[in-house]
Amino acid sequence: MSIWEYANPTRFMQTSGKLLPAVSVLSFVCLVVGLIWGFFFTPDDYRQGSTVKIIYLHVPSALMAINGWLMMLVTSLIWLVRRHHVSALAAKAAAPVGLTMTIIALVTGAIWGQPMWGTYWAWDPRLTSFLILFLFYLGYMALWAAIENPDTAADLTAVLCLVGSVFALLSRYAVNFWNQGLHQGASLSLDKEENVADVFFFPLLVAIAGFVLLFLALVLLRTRTEIRIRRAGALIARERLS
Amino acid sequence: MPDLGKYADTVLSAYAISIVILIGIVAVSVWQARQARARLEDIESRRNTKPKT
């Protein structure tokens, strides 16, 4: 069996219809467990006090804001190279979800920044690259909405997605190569020494799993919606012709 | 409820805003999915009942 079978809308609808309930339930369970564990059953940090509990929202949402754009990059490339409509619709479907994750990351970061840095906002490399990523999400959605021909819209938004990927990667690695900002280093790392303490790490992993699964569930649901809207449009056009 | 100390407002507002935004995107997505499904079913049933000429 080839992965390209899912480029067939009928096949995609069948498979996603089976996957969606399980992914939704798993995402809900992971989110509830991760957030309750993090909020109620973890200690305060010795420097940041109880504000450390914001990590269970801020880190997973920031992670999905960046990875959401990278998922859009992959599906946009598939559209540009192989012209599979489902992949273009999946990119379109992912944008509002990625935008939501970016808003949560920016808002929770600002709320967390006020007591820790003394300000809601600073023109720090990571914050600034995240703000640009937010603007790219808005621009991407506006471009889809502005162009009537769906194939042209898919082409132009795919190119915009390629350009925006620079900022998605910049957001991801800004803390590593720009040390002058206020933002702390990465909370998660393959290097165990750089990771947050285990007492915060495990509930954070569960919360991240919840956000990843929520993103997946919403993208599946929204892609199915886009396929139905496209099909309805095609049927109406056929009715008018006959 | 854990003792959040002097940062109670900060932590609670971060959770409240995030949860509202998450519920919002889920609600909008489900509503749009239902609308699209109902519209497609309506068009398909209309097509199926249309007399063939």
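User: Where in chain B does UniProt place the feature "transmembrane region"?
Analyst: The unreviewed UniProt entry puts it at residues 12-31 of chain B; such annotations may be inferred rather than shown by experiment, feature names are shortened, and positions follow the numbering used here. This is a predicted model, where local features need pLDDT of at least 70, side-chain atom pairs count only at pLDDT 80 or more, and totals for chains, interfaces and linings use all residues. Residues are numbered from 1 along each chain as its sequence is written, with chains lettered from A and ligands numbered from 1 in the order in which they are written.

User: What makes residues 12-31 of chain B helix?
Analyst: Helices are DSSP runs of H or I, at least four residues, while strands are runs of E, at least two, both numbered from the N terminus. Residues 12-31 of chain B are 100% helix and 0% strand, with end C-alpha atoms 28 Å apart.

User: How do you know which residues A94(A) is in contact with?
Analyst: Contact requires C-beta atoms, placed from the backbone, within 7 Å. Leaving aside neighbours within four places in sequence, A94(A) has G68(A), M71(A), M72(A) and V219(A) as partners.

User: How many residues does each chain bring to the contact between chain A and chain B?
Analyst: Chain A gives 30 residues and chain B gives 22 residues. On the side of chain A that touches chain B, α1 (9-40), α3 (85-117) and α6 (198-241) of chain A each give two or more residues.

Conventions. Contact = placed C-beta atoms within 7 Å.
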